[in-house]
Amino acid sequence: MARPSTLAEAPPSAGAASKPAGVLDFFDRTFKYWAVLPTVIVLTLLTIQPALQLIQMSVSDVQFSGGQLQWTFVGLDNFKYLATDVVFPVALRNTLIFVVCVVVIETFLGLVLAFAVSRVGRFSPIYRAVFVTPILIPAVAIGTMWRLMYDYNFGIINQILALFGIAGPTWTGDPNLALISVMIVDIWHWTSFLFLILLAGVESLPHELSEAARVDGANEWQVYRHVLLPMMRPTIIVALMLRTILAFKVFDEIFLLTGGGPGTASQVISMHIYTVFFEQFRLGYGALLALLMALIISVFVIFYQWVNAMARKTM
Amino acid sequence: MIASRRQSILIHLFLLIVLLIVLGPLLYTLMTSLKLLRDMFSGSFFFTPTLANYEELFFGRRSNFLLLTRNSIITGLGSMLVILFVASLGAYSLSRFRWRRLYSGLIMGWLVFVHMLPPIIFVGPYYLNTRALGIYDTPLATIMAHTILNLPLAFWMLHSFFSEVPPELEEAAAIDGCGYFKRFTHIVLPLARPGIAATAVLVFIFSWKEFLFALSLTSTANANTIPIGIASFAQEYNIRYGEMAAAAFFATIPAIFMVAFAQRHIVKGLTLGALKG
(Lines give C-alpha, C1' and ligand atoms only; values in the text may rest on other atoms or scores of the structure.)
Protein backbone atom coordinates (compact mmCIF):
# COMPACT_ATOMS: atom_id res chain seq x y z
CA MET A 1 0.00 0.00 0.00
CA ALA A 2 1.23 3.43 -0.88
CA ARG A 3 2.01 5.61 2.06
CA PRO A 4 -0.23 8.66 2.16
CA SER A 5 1.81 11.70 1.28
CA THR A 6 2.17 14.16 4.11
CA LEU A 7 2.84 17.84 3.85
CA ALA A 8 5.93 19.38 5.25
CA GLU A 9 5.01 21.18 8.41
CA ALA A 10 6.74 24.40 7.62
CA PRO A 11 4.52 27.45 8.13
CA PRO A 12 2.98 28.71 4.87
CA SER A 13 5.91 30.76 3.61
CA ALA A 14 6.25 34.28 2.18
CA GLY A 15 2.64 35.48 2.08
CA ALA A 16 1.68 34.27 5.51
CA ALA A 17 4.73 35.81 7.12
CA SER A 18 3.59 39.28 6.11
CA LYS A 19 0.13 38.79 7.69
CA PRO A 20 -0.46 40.17 11.16
CA ALA A 21 -0.16 37.39 13.71
CA GLY A 22 -3.66 37.28 15.18
CA VAL A 23 -6.08 34.73 16.55
CA LEU A 24 -6.89 33.55 13.04
CA ASP A 25 -3.26 33.07 12.27
CA PHE A 26 -2.77 31.05 15.43
CA PHE A 27 -5.82 28.97 14.54
CA ASP A 28 -4.39 28.33 11.12
CA ARG A 29 -0.92 27.36 12.30
CA THR A 30 -2.38 24.88 14.78
CA PHE A 31 -5.08 23.66 12.37
CA LYS A 32 -3.57 20.18 12.53
CA TYR A 33 -4.70 19.90 16.15
CA TRP A 34 -8.06 21.66 15.83
CA ALA A 35 -9.01 19.35 12.99
CA VAL A 36 -8.62 16.20 15.08
CA LEU A 37 -10.38 17.71 18.08
CA PRO A 38 -13.98 16.89 17.00
CA THR A 39 -13.02 13.26 16.44
CA VAL A 40 -11.41 13.02 19.85
CA ILE A 41 -14.39 14.70 21.52
CA VAL A 42 -16.90 12.41 19.82
CA LEU A 43 -14.85 9.33 20.69
CA THR A 44 -14.50 10.44 24.30
CA LEU A 45 -18.14 11.29 24.84
CA LEU A 46 -19.56 8.33 22.97
CA THR A 47 -17.10 5.56 23.78
CA ILE A 48 -14.94 6.39 26.83
CA GLN A 49 -17.75 7.84 28.91
CA PRO A 50 -20.13 4.92 28.14
CA ALA A 51 -17.35 2.44 28.88
CA LEU A 52 -16.77 4.00 32.29
CA GLN A 53 -20.49 4.08 32.92
CA LEU A 54 -20.76 0.42 31.95
CA ILE A 55 -18.15 -0.43 34.58
CA GLN A 56 -20.05 1.61 37.15
CA MET A 57 -23.32 -0.10 36.20
CA SER A 58 -21.80 -3.55 36.46
CA VAL A 59 -21.05 -3.04 40.18
CA SER A 60 -24.38 -1.37 40.88
CA ASP A 61 -28.06 -2.06 41.12
CA VAL A 62 -29.81 0.46 38.90
CA GLN A 63 -33.55 0.97 39.33
CA PHE A 64 -36.10 3.40 38.00
CA SER A 65 -38.31 4.73 40.75
CA GLY A 66 -40.66 7.62 40.11
CA GLY A 67 -38.83 8.58 36.94
CA GLN A 68 -35.57 8.88 38.89
CA LEU A 69 -32.60 6.59 38.57
CA GLN A 70 -31.52 4.92 41.80
CA TRP A 71 -27.92 3.70 41.89
CA THR A 72 -26.97 1.33 44.67
CA PHE A 73 -23.44 0.05 44.94
CA VAL A 74 -23.50 -3.73 45.19
CA GLY A 75 -19.88 -4.58 44.49
CA LEU A 76 -19.45 -7.95 42.87
CA ASP A 77 -23.01 -9.07 43.61
CA ASN A 78 -23.89 -9.16 39.93
CA PHE A 79 -21.37 -11.97 39.52
CA LYS A 80 -23.64 -14.12 41.68
CA TYR A 81 -26.35 -13.89 39.03
CA LEU A 82 -23.87 -15.18 36.50
CA ALA A 83 -23.67 -18.49 38.36
CA THR A 84 -27.46 -18.91 38.42
CA ASP A 85 -28.12 -17.64 34.90
CA VAL A 86 -29.00 -20.78 32.93
CA VAL A 87 -29.54 -18.92 29.65
CA PHE A 88 -26.10 -17.31 29.43
CA PRO A 89 -24.12 -20.56 28.90
CA VAL A 90 -26.63 -21.63 26.24
CA ALA A 91 -26.41 -18.23 24.55
CA LEU A 92 -22.62 -18.38 24.64
CA ARG A 93 -22.58 -21.89 23.18
CA ASN A 94 -25.08 -20.95 20.45
CA THR A 95 -23.08 -17.84 19.59
CA LEU A 96 -19.86 -19.83 19.25
CA ILE A 97 -21.54 -22.50 17.11
CA PHE A 98 -23.14 -19.80 15.00
CA VAL A 99 -19.93 -17.83 14.53
CA VAL A 100 -17.73 -20.82 13.66
CA CYS A 101 -20.23 -22.30 11.20
CA VAL A 102 -21.14 -19.13 9.33
CA VAL A 103 -17.58 -17.83 9.15
CA VAL A 104 -16.17 -21.08 7.75
CA ILE A 105 -18.96 -21.46 5.19
CA GLU A 106 -18.93 -17.79 4.20
CA THR A 107 -15.15 -17.76 3.76
CA PHE A 108 -15.25 -20.89 1.62
CA LEU A 109 -18.10 -19.62 -0.56
CA GLY A 110 -16.58 -16.15 -0.73
CA LEU A 111 -13.29 -17.58 -1.95
CA VAL A 112 -14.94 -19.77 -4.60
CA LEU A 113 -16.96 -16.78 -5.80
CA ALA A 114 -13.91 -14.51 -5.81
CA PHE A 115 -11.92 -16.97 -7.95
CA ALA A 116 -14.90 -17.45 -10.27
CA VAL A 117 -15.61 -13.73 -10.70
CA SER A 118 -11.92 -12.98 -11.27
CA ARG A 119 -12.13 -15.12 -14.42
CA VAL A 120 -15.11 -13.63 -16.18
CA GLY A 121 -13.32 -10.51 -17.43
CA ARG A 122 -15.55 -7.66 -18.46
CA PHE A 123 -18.63 -9.20 -16.81
CA SER A 124 -17.10 -9.13 -13.33
CA PRO A 125 -18.45 -5.65 -12.37
CA ILE A 126 -22.01 -6.85 -13.01
CA TYR A 127 -21.65 -9.91 -10.80
CA ARG A 128 -19.85 -7.88 -8.16
CA ALA A 129 -22.60 -5.25 -8.12
CA VAL A 130 -25.33 -7.81 -7.57
CA PHE A 131 -23.37 -9.79 -4.98
CA VAL A 132 -22.77 -6.60 -2.95
CA THR A 133 -26.48 -5.85 -2.58
CA PRO A 134 -27.24 -7.96 0.55
CA ILE A 135 -24.73 -5.96 2.64
CA LEU A 136 -26.67 -2.74 2.05
CA ILE A 137 -30.15 -4.07 2.80
CA PRO A 138 -31.53 -3.56 6.34
CA ALA A 139 -31.03 -6.81 8.25
CA VAL A 140 -34.60 -6.50 9.48
CA ALA A 141 -35.84 -6.46 5.88
CA ILE A 142 -33.69 -9.50 5.16
CA GLY A 143 -35.20 -11.23 8.18
CA THR A 144 -38.66 -10.38 6.85
CA MET A 145 -37.87 -11.72 3.40
CA TRP A 146 -36.69 -15.02 4.83
CA ARG A 147 -39.58 -15.17 7.21
CA LEU A 148 -41.88 -15.07 4.20
CA MET A 149 -39.84 -17.74 2.44
CA TYR A 150 -39.64 -19.98 5.52
CA ASP A 151 -43.40 -19.70 6.14
CA TYR A 152 -44.89 -23.13 6.83
CA ASN A 153 -48.07 -22.55 4.83
CA PHE A 154 -47.12 -20.58 1.76
CA GLY A 155 -43.36 -20.00 1.94
CA ILE A 156 -41.55 -20.72 -1.29
CA ILE A 157 -39.05 -23.06 0.35
CA ASN A 158 -41.66 -25.54 1.50
CA GLN A 159 -43.50 -25.14 -1.80
CA ILE A 160 -40.37 -26.18 -3.67
CA LEU A 161 -39.80 -29.08 -1.27
CA ALA A 162 -43.42 -30.13 -1.86
CA LEU A 163 -42.68 -30.39 -5.59
CA PHE A 164 -40.28 -33.17 -4.70
CA GLY A 165 -42.79 -34.76 -2.38
CA ILE A 166 -41.00 -33.64 0.79
CA ALA A 167 -43.10 -32.29 3.65
CA GLY A 168 -41.27 -29.12 4.68
CA PRO A 169 -40.44 -28.51 8.35
CA THR A 170 -41.47 -25.44 10.34
CA TRP A 171 -37.89 -24.11 10.03
CA THR A 172 -37.71 -21.28 12.57
CA GLY A 173 -40.26 -22.98 14.82
CA ASP A 174 -38.35 -26.25 15.09
CA PRO A 175 -35.85 -26.30 18.00
CA ASN A 176 -33.45 -28.42 15.95
CA LEU A 177 -33.61 -26.17 12.90
CA ALA A 178 -34.01 -22.66 14.38
CA LEU A 179 -30.29 -21.93 14.69
CA ILE A 180 -29.58 -23.47 11.28
CA SER A 181 -32.37 -21.38 9.72
CA VAL A 182 -30.77 -18.23 11.12
CA MET A 183 -27.33 -19.34 9.90
CA ILE A 184 -28.66 -19.78 6.36
CA VAL A 185 -29.93 -16.20 6.44
CA ASP A 186 -26.59 -14.94 7.77
CA ILE A 187 -24.71 -16.78 5.04
CA TRP A 188 -26.97 -15.19 2.43
CA HIS A 189 -26.40 -11.80 4.05
CA TRP A 190 -22.64 -11.77 4.67
CA THR A 191 -20.93 -14.07 2.13
CA SER A 192 -20.64 -11.04 -0.15
CA PHE A 193 -18.53 -9.23 2.47
CA LEU A 194 -15.90 -11.98 2.34
CA PHE A 195 -16.27 -12.18 -1.42
CA LEU A 196 -15.39 -8.48 -1.72
CA ILE A 197 -12.29 -8.67 0.47
CA LEU A 198 -11.09 -11.90 -1.12
CA LEU A 199 -11.76 -10.61 -4.66
CA ALA A 200 -9.58 -7.58 -3.90
CA GLY A 201 -6.91 -10.07 -2.79
CA VAL A 202 -7.25 -12.27 -5.89
CA GLU A 203 -7.07 -9.27 -8.20
CA SER A 204 -3.85 -8.06 -6.62
CA LEU A 205 -2.06 -11.41 -7.09
CA PRO A 206 0.79 -11.35 -9.61
CA HIS A 207 -0.05 -13.32 -12.77
CA GLU A 208 3.52 -14.48 -13.46
CA LEU A 209 3.57 -17.43 -11.06
CA SER A 210 0.33 -19.02 -12.23
CA GLU A 211 1.35 -18.48 -15.86
CA ALA A 212 4.68 -20.12 -15.19
CA ALA A 213 2.97 -23.08 -13.55
CA ARG A 214 0.69 -23.46 -16.60
CA VAL A 215 3.67 -23.36 -18.95
CA ASP A 216 5.24 -26.11 -16.86
CA GLY A 217 2.16 -28.24 -17.53
CA ALA A 218 0.15 -27.78 -14.36
CA ASN A 219 -3.60 -28.21 -14.86
CA GLU A 220 -6.13 -25.68 -13.63
CA TRP A 221 -6.81 -27.50 -10.37
CA GLN A 222 -3.08 -27.71 -9.60
CA VAL A 223 -2.61 -24.02 -10.35
CA TYR A 224 -5.34 -23.10 -7.87
CA ARG A 225 -4.38 -25.66 -5.25
CA HIS A 226 -0.61 -25.18 -5.26
CA VAL A 227 -0.03 -21.64 -6.56
CA LEU A 228 -2.97 -19.29 -6.04
CA LEU A 229 -4.35 -20.67 -2.79
CA PRO A 230 -1.00 -20.47 -0.92
CA MET A 231 -0.53 -16.91 -2.16
CA MET A 232 -4.01 -16.03 -0.93
CA ARG A 233 -3.44 -17.49 2.53
CA PRO A 234 -2.59 -14.23 4.37
CA THR A 235 -5.66 -12.49 2.89
CA ILE A 236 -7.89 -15.44 3.73
CA ILE A 237 -6.71 -15.52 7.34
CA VAL A 238 -7.21 -11.79 7.80
CA ALA A 239 -10.66 -11.83 6.19
CA LEU A 240 -11.71 -14.85 8.21
CA MET A 241 -10.67 -13.28 11.50
CA LEU A 242 -12.31 -9.96 10.68
CA ARG A 243 -15.58 -11.69 9.85
CA THR A 244 -15.31 -13.76 13.06
CA ILE A 245 -15.18 -10.59 15.13
CA LEU A 246 -18.04 -8.96 13.23
CA ALA A 247 -20.18 -12.12 13.40
CA PHE A 248 -20.45 -11.71 17.18
CA LYS A 249 -22.67 -8.70 16.49
CA VAL A 250 -25.52 -10.91 15.25
CA PHE A 251 -28.84 -9.64 16.58
CA ASP A 252 -31.29 -8.23 14.02
CA GLU A 253 -32.15 -11.36 12.07
CA ILE A 254 -32.49 -13.46 15.20
CA PHE A 255 -34.73 -10.86 16.80
CA LEU A 256 -36.97 -10.96 13.76
CA LEU A 257 -36.90 -14.64 12.81
CA THR A 258 -36.93 -16.51 16.11
CA GLY A 259 -36.57 -14.04 18.97
CA GLY A 260 -33.99 -16.48 20.36
CA GLY A 261 -36.51 -19.29 20.44
CA PRO A 262 -38.13 -21.68 20.41
CA GLY A 263 -37.14 -21.82 24.07
CA THR A 264 -33.48 -20.96 23.93
CA ALA A 265 -32.72 -22.90 20.74
CA SER A 266 -31.36 -19.87 18.89
CA GLN A 267 -30.54 -17.57 21.83
CA VAL A 268 -27.28 -15.65 21.32
CA ILE A 269 -25.31 -13.31 23.59
CA SER A 270 -26.48 -10.01 22.08
CA MET A 271 -30.09 -11.14 22.25
CA HIS A 272 -29.67 -12.32 25.84
CA ILE A 273 -28.12 -9.03 26.96
CA TYR A 274 -30.96 -7.17 25.26
CA THR A 275 -33.50 -9.30 27.13
CA VAL A 276 -31.76 -8.73 30.47
CA PHE A 277 -31.71 -4.96 29.83
CA PHE A 278 -35.12 -4.31 28.39
CA GLU A 279 -37.35 -7.18 29.45
CA GLN A 280 -35.99 -8.00 32.89
CA PHE A 281 -34.77 -4.44 33.57
CA ARG A 282 -31.64 -5.72 35.30
CA LEU A 283 -29.33 -2.96 34.11
CA GLY A 284 -26.48 -3.91 36.45
CA TYR A 285 -26.35 -7.54 35.44
CA GLY A 286 -26.80 -6.63 31.78
CA ALA A 287 -23.82 -4.28 32.05
CA LEU A 288 -21.73 -7.08 33.53
CA LEU A 289 -22.60 -9.36 30.60
CA ALA A 290 -21.82 -6.52 28.15
CA LEU A 291 -18.42 -6.03 29.81
CA LEU A 292 -17.68 -9.74 29.55
CA MET A 293 -18.57 -9.66 25.88
CA ALA A 294 -16.38 -6.60 25.34
CA LEU A 295 -13.53 -8.45 27.01
CA ILE A 296 -13.93 -11.51 24.77
CA ILE A 297 -14.06 -9.34 21.65
CA SER A 298 -11.02 -7.32 22.79
CA VAL A 299 -8.94 -10.49 22.97
CA PHE A 300 -10.03 -11.34 19.44
CA VAL A 301 -9.25 -7.82 18.20
CA ILE A 302 -5.75 -7.80 19.70
CA PHE A 303 -5.07 -11.23 18.19
CA TYR A 304 -6.47 -10.01 14.86
CA GLN A 305 -4.24 -6.90 14.84
CA TRP A 306 -1.22 -9.07 15.53
CA VAL A 307 -2.06 -11.55 12.75
CA ASN A 308 -2.86 -8.68 10.40
CA ALA A 309 0.56 -7.13 11.04
CA MET A 310 2.25 -10.50 10.45
CA ALA A 311 0.27 -11.07 7.25
CA ARG A 312 1.29 -7.69 5.87
CA LYS A 313 4.94 -8.46 6.47
CA THR A 314 4.72 -11.68 4.47
CA MET A 315 2.62 -10.22 1.65
CA MET B 1 -6.10 -15.57 -16.90
CA ILE B 2 -7.88 -16.78 -19.99
CA ALA B 3 -10.37 -19.55 -19.49
CA SER B 4 -11.19 -22.01 -22.26
CA ARG B 5 -14.63 -21.68 -23.79
CA ARG B 6 -16.12 -24.68 -21.96
CA GLN B 7 -14.67 -23.56 -18.65
CA SER B 8 -15.95 -20.06 -19.09
CA ILE B 9 -19.48 -21.34 -19.81
CA LEU B 10 -19.36 -23.44 -16.64
CA ILE B 11 -18.16 -20.48 -14.59
CA HIS B 12 -20.93 -18.27 -15.95
CA LEU B 13 -23.49 -20.98 -15.24
CA PHE B 14 -22.28 -21.24 -11.65
CA LEU B 15 -22.31 -17.46 -11.17
CA LEU B 16 -25.78 -17.18 -12.68
CA ILE B 17 -27.09 -19.70 -10.15
CA VAL B 18 -25.54 -17.65 -7.34
CA LEU B 19 -27.04 -14.53 -8.90
CA LEU B 20 -30.44 -16.18 -8.73
CA ILE B 21 -29.92 -17.11 -5.07
CA VAL B 22 -28.94 -13.52 -4.23
CA LEU B 23 -31.80 -11.91 -6.14
CA GLY B 24 -34.37 -14.61 -5.30
CA PRO B 25 -35.41 -13.31 -1.86
CA LEU B 26 -35.67 -9.75 -3.21
CA LEU B 27 -37.85 -10.78 -6.14
CA TYR B 28 -39.94 -13.06 -3.94
CA THR B 29 -40.57 -10.21 -1.50
CA LEU B 30 -41.43 -7.83 -4.33
CA MET B 31 -43.84 -10.43 -5.72
CA THR B 32 -45.42 -11.06 -2.33
CA SER B 33 -45.85 -7.33 -1.76
CA LEU B 34 -47.85 -7.10 -4.98
CA LYS B 35 -50.19 -9.97 -4.05
CA LEU B 36 -53.48 -10.02 -2.23
CA LEU B 37 -53.66 -12.38 0.73
CA ARG B 38 -55.75 -14.96 -1.13
CA ASP B 39 -53.17 -15.13 -3.95
CA MET B 40 -50.48 -15.64 -1.35
CA PHE B 41 -52.23 -18.66 0.10
CA SER B 42 -53.08 -20.16 -3.27
CA GLY B 43 -49.32 -20.13 -3.90
CA SER B 44 -49.81 -19.53 -7.59
CA PHE B 45 -47.17 -17.76 -9.66
CA PHE B 46 -49.93 -16.20 -11.76
CA PHE B 47 -51.78 -13.35 -10.10
CA THR B 48 -52.98 -9.85 -10.78
CA PRO B 49 -50.45 -7.44 -9.27
CA THR B 50 -51.92 -4.83 -6.97
CA LEU B 51 -50.54 -1.86 -5.06
CA ALA B 52 -53.10 -2.36 -2.28
CA ASN B 53 -50.42 -3.42 0.21
CA TYR B 54 -48.37 -0.29 -0.40
CA GLU B 55 -51.45 1.91 -0.10
CA GLU B 56 -52.34 0.25 3.18
CA LEU B 57 -48.74 0.51 4.38
CA PHE B 58 -48.45 4.26 3.87
CA PHE B 59 -52.00 5.56 4.02
CA GLY B 60 -53.86 2.92 6.03
CA ARG B 61 -55.89 4.05 9.03
CA ARG B 62 -53.55 2.41 11.55
CA SER B 63 -50.40 3.21 9.61
CA ASN B 64 -47.62 5.43 10.90
CA PHE B 65 -45.16 4.39 8.24
CA LEU B 66 -44.92 7.88 6.77
CA LEU B 67 -43.80 9.16 10.16
CA LEU B 68 -41.25 6.36 10.43
CA THR B 69 -39.94 7.24 6.98
CA ARG B 70 -39.60 10.86 8.08
CA ASN B 71 -37.71 9.75 11.21
CA SER B 72 -35.40 7.51 9.21
CA ILE B 73 -34.58 10.38 6.87
CA ILE B 74 -33.99 12.84 9.74
CA THR B 75 -31.77 10.36 11.55
CA GLY B 76 -29.89 9.47 8.38
CA LEU B 77 -29.28 13.06 7.30
CA GLY B 78 -28.51 14.24 10.84
CA SER B 79 -25.91 11.59 11.56
CA MET B 80 -24.52 12.02 8.05
CA LEU B 81 -23.91 15.76 8.58
CA VAL B 82 -22.27 15.27 11.98
CA ILE B 83 -20.11 12.45 10.66
CA LEU B 84 -19.02 14.38 7.57
CA PHE B 85 -18.02 17.37 9.67
CA VAL B 86 -16.11 15.36 12.26
CA ALA B 87 -14.56 12.79 9.94
CA SER B 88 -13.51 15.12 7.13
CA LEU B 89 -11.58 17.38 9.52
CA GLY B 90 -10.03 14.45 11.38
CA ALA B 91 -9.19 12.47 8.27
CA TYR B 92 -7.63 15.56 6.67
CA SER B 93 -5.41 16.16 9.66
CA LEU B 94 -4.27 12.56 9.86
CA SER B 95 -3.75 12.15 6.12
CA ARG B 96 -1.96 15.45 5.42
CA PHE B 97 0.02 16.41 8.49
CA ARG B 98 2.93 14.57 10.02
CA TRP B 99 1.76 12.98 13.24
CA ARG B 100 3.79 10.92 15.67
CA ARG B 101 2.89 7.29 14.96
CA LEU B 102 1.73 6.92 18.54
CA TYR B 103 -1.00 9.54 18.18
CA SER B 104 -2.22 8.69 14.69
CA GLY B 105 -2.08 4.99 15.56
CA LEU B 106 -4.05 5.62 18.73
CA ILE B 107 -6.88 7.36 16.89
CA MET B 108 -6.98 4.90 13.99
CA GLY B 109 -6.75 1.92 16.33
CA TRP B 110 -9.47 3.34 18.53
CA LEU B 111 -11.76 3.70 15.51
CA VAL B 112 -11.05 0.12 14.43
CA PHE B 113 -11.83 -1.12 17.91
CA VAL B 114 -15.10 0.83 18.09
CA HIS B 115 -16.07 -0.53 14.69
CA MET B 116 -15.49 -4.10 15.84
CA LEU B 117 -17.26 -4.01 19.21
CA PRO B 118 -20.81 -5.37 19.10
CA PRO B 119 -23.18 -2.39 19.48
CA ILE B 120 -25.11 -4.17 22.25
CA ILE B 121 -22.22 -3.23 24.56
CA PHE B 122 -23.08 0.47 24.26
CA VAL B 123 -26.83 0.07 24.46
CA GLY B 124 -27.09 0.19 28.27
CA PRO B 125 -25.09 3.40 28.82
CA TYR B 126 -26.70 5.10 25.82
CA TYR B 127 -30.12 4.23 27.18
CA LEU B 128 -29.33 5.83 30.55
CA ASN B 129 -27.58 8.83 28.97
CA THR B 130 -30.40 9.63 26.58
CA ARG B 131 -32.86 9.35 29.46
CA ALA B 132 -30.72 11.63 31.61
CA LEU B 133 -30.37 14.19 28.81
CA GLY B 134 -34.07 14.05 28.02
CA ILE B 135 -33.46 13.03 24.42
CA TYR B 136 -34.76 9.46 24.77
CA ASP B 137 -37.30 8.74 22.02
CA THR B 138 -36.23 11.70 19.90
CA PRO B 139 -34.25 11.56 16.63
CA LEU B 140 -31.32 13.12 18.55
CA ALA B 141 -30.83 9.82 20.38
CA THR B 142 -30.56 7.80 17.20
CA ILE B 143 -28.44 10.47 15.52
CA MET B 144 -25.99 10.26 18.42
CA ALA B 145 -25.81 6.46 18.29
CA HIS B 146 -25.50 6.29 14.50
CA THR B 147 -22.75 8.90 14.57
CA ILE B 148 -20.44 6.70 16.58
CA LEU B 149 -21.55 3.59 14.71
CA ASN B 150 -20.57 4.91 11.28
CA LEU B 151 -17.77 7.33 12.12
CA PRO B 152 -15.00 4.74 11.67
CA LEU B 153 -16.12 3.78 8.17
CA ALA B 154 -16.46 7.42 7.08
CA PHE B 155 -13.07 8.24 8.60
CA TRP B 156 -11.27 5.50 6.64
CA MET B 157 -13.03 6.34 3.41
CA LEU B 158 -12.30 10.07 3.64
CA HIS B 159 -8.73 9.37 4.76
CA SER B 160 -8.19 7.34 1.62
CA PHE B 161 -9.89 9.89 -0.67
CA PHE B 162 -7.88 12.80 0.79
CA SER B 163 -4.66 10.86 0.38
CA GLU B 164 -5.40 10.62 -3.34
CA VAL B 165 -5.44 14.41 -3.79
CA PRO B 166 -1.96 15.30 -5.09
CA PRO B 167 -0.03 17.22 -2.40
CA GLU B 168 1.61 19.36 -5.11
CA LEU B 169 -1.62 21.35 -5.47
CA GLU B 170 -1.56 22.26 -1.81
CA GLU B 171 2.13 23.04 -1.88
CA ALA B 172 1.55 25.41 -4.79
CA ALA B 173 -1.25 27.12 -2.87
CA ALA B 174 0.99 27.38 0.18
CA ILE B 175 3.60 29.25 -1.83
CA ASP B 176 0.86 31.70 -2.81
CA GLY B 177 0.24 32.30 0.88
CA CYS B 178 -2.77 30.08 1.33
CA GLY B 179 -3.22 28.93 4.94
CA TYR B 180 -3.96 25.40 6.10
CA PHE B 181 -7.66 25.94 6.70
CA LYS B 182 -8.17 27.53 3.29
CA ARG B 183 -6.25 24.75 1.60
CA PHE B 184 -8.62 22.29 3.24
CA THR B 185 -11.81 24.10 2.25
CA HIS B 186 -10.71 25.39 -1.16
CA ILE B 187 -8.52 22.62 -2.54
CA VAL B 188 -8.89 19.30 -0.82
CA LEU B 189 -12.63 19.31 -0.17
CA PRO B 190 -13.65 20.28 -3.73
CA LEU B 191 -11.23 17.79 -5.29
CA ALA B 192 -12.42 14.95 -3.07
CA ARG B 193 -16.08 15.77 -3.75
CA PRO B 194 -17.00 12.46 -5.46
CA GLY B 195 -15.46 10.54 -2.58
CA ILE B 196 -17.23 12.67 0.00
CA ALA B 197 -20.53 12.13 -1.80
CA ALA B 198 -20.01 8.36 -1.81
CA THR B 199 -19.14 8.42 1.89
CA ALA B 200 -22.23 10.48 2.64
CA VAL B 201 -24.56 8.11 0.82
CA LEU B 202 -23.00 5.02 2.41
CA VAL B 203 -23.26 6.54 5.89
CA PHE B 204 -26.91 7.39 5.21
CA ILE B 205 -27.67 3.84 4.12
CA PHE B 206 -25.97 2.33 7.17
CA SER B 207 -28.06 4.61 9.36
CA TRP B 208 -31.18 3.72 7.38
CA LYS B 209 -30.67 0.02 8.02
CA GLU B 210 -29.61 0.17 11.66
CA PHE B 211 -31.92 -1.66 14.06
CA LEU B 212 -30.57 -2.26 17.58
CA PHE B 213 -29.99 1.36 18.68
CA ALA B 214 -33.23 2.52 17.08
CA LEU B 215 -35.00 -0.25 18.96
CA SER B 216 -33.44 0.59 22.34
CA LEU B 217 -33.41 4.38 22.21
CA THR B 218 -36.86 5.07 20.78
CA SER B 219 -40.30 3.86 21.80
CA THR B 220 -42.96 5.70 19.79
CA ALA B 221 -43.59 7.06 16.31
CA ASN B 222 -41.84 10.19 17.61
CA ALA B 223 -38.51 8.69 16.67
CA ASN B 224 -39.05 5.06 15.62
CA THR B 225 -37.35 4.32 12.31
CA ILE B 226 -38.40 2.09 9.44
CA PRO B 227 -36.66 -1.10 10.68
CA ILE B 228 -38.64 -0.80 13.93
CA GLY B 229 -41.84 -0.56 11.89
CA ILE B 230 -40.92 -3.67 9.93
CA ALA B 231 -40.08 -5.62 13.07
CA SER B 232 -43.36 -4.64 14.70
CA PHE B 233 -45.25 -6.21 11.78
CA ALA B 234 -43.61 -9.51 12.58
CA GLN B 235 -44.62 -9.36 16.22
CA GLU B 236 -48.34 -8.97 15.65
CA TYR B 237 -50.61 -11.91 16.30
CA ASN B 238 -52.26 -11.72 12.89
CA ILE B 239 -49.31 -10.95 10.67
CA ARG B 240 -50.23 -8.71 7.74
CA TYR B 241 -47.92 -10.45 5.32
CA GLY B 242 -48.61 -8.20 2.36
CA GLU B 243 -47.80 -4.98 4.19
CA MET B 244 -44.80 -6.62 5.85
CA ALA B 245 -43.42 -7.57 2.43
CA ALA B 246 -44.16 -4.10 1.08
CA ALA B 247 -42.32 -2.49 4.01
CA ALA B 248 -39.33 -4.82 3.59
CA PHE B 249 -39.11 -4.09 -0.11
CA PHE B 250 -39.49 -0.35 0.45
CA ALA B 251 -36.61 -0.43 2.94
CA THR B 252 -34.45 -2.11 0.30
CA ILE B 253 -34.86 0.58 -2.32
CA PRO B 254 -31.92 2.82 -1.19
CA ALA B 255 -29.61 -0.18 -1.36
CA ILE B 256 -30.73 -0.93 -4.91
CA PHE B 257 -30.17 2.70 -5.95
CA MET B 258 -26.76 2.68 -4.33
CA VAL B 259 -25.69 -0.47 -6.14
CA ALA B 260 -26.95 0.91 -9.43
CA PHE B 261 -25.22 4.29 -9.21
CA ALA B 262 -22.22 4.19 -6.91
CA GLN B 263 -21.07 0.60 -6.89
CA ARG B 264 -17.37 1.32 -7.33
CA HIS B 265 -17.21 3.62 -4.31
CA ILE B 266 -19.14 1.28 -2.03
CA VAL B 267 -16.87 -1.60 -2.88
CA LYS B 268 -13.96 0.60 -1.96
CA GLY B 269 -15.57 1.72 1.29
CA LEU B 270 -16.52 -1.76 2.37
CA THR B 271 -13.14 -3.32 1.64
CA LEU B 272 -11.24 -0.45 3.26
CA GLY B 273 -12.53 -1.54 6.66
CA ALA B 274 -10.68 -4.80 6.21
CA LEU B 275 -7.50 -3.26 4.86
CA LYS B 276 -7.17 -0.56 7.51
CA GLY B 277 -7.66 -3.12 10.31
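Helices (H or I, at least four residues) and strands (E, at least two) are DSSP runs, numbered from the N terminus. The structure is a predicted model, in which local features need pLDDT of at least 70 and side-chain atom pairs count only at pLDDT 80 or more, while totals for chains, interfaces and linings use all residues. Residues are numbered from 1 along each chain as its sequence is written, and chains are lettered from A and ligands numbered from 1 in the order in which they are written.

Chain B contains 13 helices and zero strands. Its C-alpha atoms fill a box of roughly 75 × 65 × 30 Å along the principal axes. Of its 277 residues, 49% are buried (a residue is buried if 20 or more other C-beta atoms, placed from the backbone, lie within 10 Å of its own). Two residues are in contact if their C-beta atoms, placed from the backbone, lie within 7 Å. Among the contacts in chain B with a separation of 6 or more, 79% join residues 24 or more positions apart.

The two chains also touch each other: 88 residues from chain A and 85 residues from chain B take part in the contact. On the side of chain A that touches chain B, helix α3 (residues 31–58) of chain A gives the most, with 14 residues. That side of chain A has 64 nonpolar, 16 polar and eight charged residues; here Ala, Val, Leu, Ile, Met, Phe, Trp, Tyr, Cys and Pro count as nonpolar, Asp, Glu, Lys and Arg as charged, and the others, Gly among them, as polar.

One pair of helices illustrates the packing between the chains. Helix α7 (residues 139–150) of chain A and helix α1 (residues 5–33) of chain B pack at an angle of about 75°, with their axes 9 Å apart. That angle makes α7(A) roughly perpendicular to α1(B), a description used for angles of 65 to 115 degrees. In this contact, A:M145, A:W146, A:L148 and A:M149 meet B:P25, B:Y28, B:T29 and B:T32.

Leaving aside its neighbours within four places in sequence, B:I230 is in contact with residues including A:V140, A:T144 and B:M244.

How values were computed
A residue is buried if 20 or more other C-beta atoms lie within 10 Å of its own, exposed if 12 or fewer, and partly exposed in between; C-beta atoms are placed from the backbone. Axes are lines fitted to C-alpha atoms, for helices over the stretch in contact, and angles run from 0 to 180 degrees between N-to-C directions. Angles under 35 degrees count as roughly parallel, over 145 as roughly antiparallel, 65 to 115 as roughly perpendicular and the rest as oblique.
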